[in-house]
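Here are my notes on the model, in numbered points. Have the sequence and the 3D view open as you go through them.

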Amino acid sequence: MKRINIRRITRTSQNDINIAREIIFDYTHFLYLHKSSFNDFRVISDKKNTQIFYYETKIFNWLPFSPVMKFISIKKLIHEKNMFSQAYINLKNKSITYFKCYLKKTDTHIKIINDFSLPVNKVTFLLRKIIVPLINLKMNVMWKEDEEMLNLRNLNNEKDSVYCVPSTFNLEEIKEHNFQKLIEDNFEPDFLFDIKK
Ligand SMILES: [Fe+2]
């Protein structure tokens with residue numbers, strides 16, 4: 001499998017790095033703010049600086065109908081470096097995408113740098129000059145949505161993420177809440193297979 005490396009740089013209109021960091025670390029806005037980009041998004045685990053997610057991503061979010069790719073990803077947050085690193089496994093072909101996102105502060109604004117290493121098949125690689133700008137259009141849509149949120153948070157000086165993913169979206173929490181009740185305390189088999197020697 002071939003790889004395409006893409007670097008995408010965007011610039012905020014303010015220079016508070018704490019607010020910019022919150023935006024890039026915050027996943028809780030994915031489902032409502034980026035609803036044209038995701039069919040589904042679930043948290044499998046969110047502990048300390050490691051987050052595990054399930055995604056159903058629309059490849060062309062600017063089209064009414066788009067092919068959907070399913071991924072599980074692991075994301076590591078490094079607060080002191082204002083960055084995160086992420087690896088996504090494509091559930092269909094098991095290929096791995098790598099992504100690094102980090103911030104650079106200037107006097108007037110913050111640069112958000114996104115580095116991707118995308119695994120692609122031969123046809124996509126040959127057509128990369130056409131396909132990569134189409135992928136970039138998807139990022140444009142998401143950046144416009146993020147920029148709006150960034151400006152709003154800057155206006156309100158919000159430095160902490162507002163946590164708005166219901167607990168039913170976190171598989172680890174679902175398990176903690178329901179396991180005792182459904183398995184430990186009240187388990188009555190509807191079918192029993194008791195295999196004797
Ligand atoms: Fe976002």
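1. Asn90 is partly exposed, because 15 other C-beta atoms lie within 10 Å. On the scale used here, a residue is buried if 20 or more other C-beta atoms lie within 10 Å of its own, exposed if 12 or fewer, and partly exposed in between, with C-beta atoms placed from the backbone. Asn90 is found in strand β5. Leaving aside neighbours within four places in sequence, Asn90 is in contact with Met69, Phe71 and Ser95; a contact means that the C-beta atoms of two residues, placed from the backbone, lie within 7 Å. The C-alpha atoms of Asn90 and Lys70 are separated by 5.9 Å, though the two residues are 20 residues apart along the chain.

2. Before going further, a word on what we're looking at. This is a predicted model, in which local features need pLDDT of at least 70 and side-chain atom pairs count only at pLDDT 80 or more, while totals for chains, interfaces and linings use all residues. Residues are numbered from 1 along each chain as its sequence is written. The pLDDT is the predictor's confidence in each residue, from 0 to 100. The chain averages a pLDDT of 90, and 95% of the residues score at least 70. Among the elements of the chain, β5 has the highest mean pLDDT (98) and helix α2 (residues 30-33) the lowest (86). Where pLDDT is low, the predicted coordinates should not be read in detail.

3. Now the overall layout. The chain has five helices and seven strands, where helices (H or I, at least four residues) and strands (E, at least two) are DSSP runs numbered from the N terminus. From the N terminus on, the order is β-α-α-β-β-β-β-β-β-α-α-α. Along the principal axes, the C-alpha atoms fill a box of roughly 75 × 45 × 35 Å. Of the 197 residues, 10% count as buried. Of the contacts with a separation of 6 or more, 55% are between residues 24 or more positions apart.

4. On to the strand pairing, where two strands pair if DSSP finds at least two bridges between them. Strand β3 (residues 50-58) and β4 pair in the antiparallel sense over nine bridges. β4 (residues 68-78) also pairs with β5 (residues 83-90), again antiparallel, over eight bridges. β5 in turn pairs in the antiparallel sense with β6 (residues 96-105) over seven bridges. Lys76 stands opposite Ser85 in β5, and Phe84 stands opposite Cys101 in β6.

5. The two turns deserve a look. β4 and β5 form a hairpin with four residues between them, and β5 and β6 form one with five. Asn82, in the β4–β5 loop, has a positive phi of about 50 degrees although it is not a glycine. Lys94, in the β5–β6 loop, has a positive phi of about 65 degrees and is not a glycine either. Most residues other than glycine have a negative phi. Which of the categories, buried or exposed, does Asn82 fall into? With 20 C-beta neighbours inside 10 Å, Asn82 counts as buried, whereas Lys94 is exposed, with 8 other C-beta atoms within 10 Å.

6. Next, the core. The largest nonpolar core has six residues: Ile19, Ala20, Ile23, Ile110, Ile112 and Leu150. Such a core is a set of buried Ala, Val, Leu, Ile, Met, Phe, Trp, Tyr and Cys residues joined through C-beta atoms within 7 Å. The largest share of this core, three residues, comes from α1. The buried residues of α1 (residues 17-25) are Ile19, Ala20, Arg21 and Ile23, and they pack against β6, β7 (110-120) and α4 (128-156). Leaving aside its neighbours within four places in sequence, Leu150 is in contact with Thr12, Ile19, Ala20 and Ile23.

7. Last, helix α5 (residues 171-185). Its 15 residues reach 20 Å from first C-alpha to last, close to the 21 Å expected at 1.5 Å a residue; the expected span is 1.5 Å times one less than the number of residues. There is a kink of about 50 degrees in α5, centred on Asn178, the bend at a residue being the angle between axes fitted to the seven residues ending there and the seven starting there. The number of buried residues in α5 is zero, so the helix lies largely in the open.
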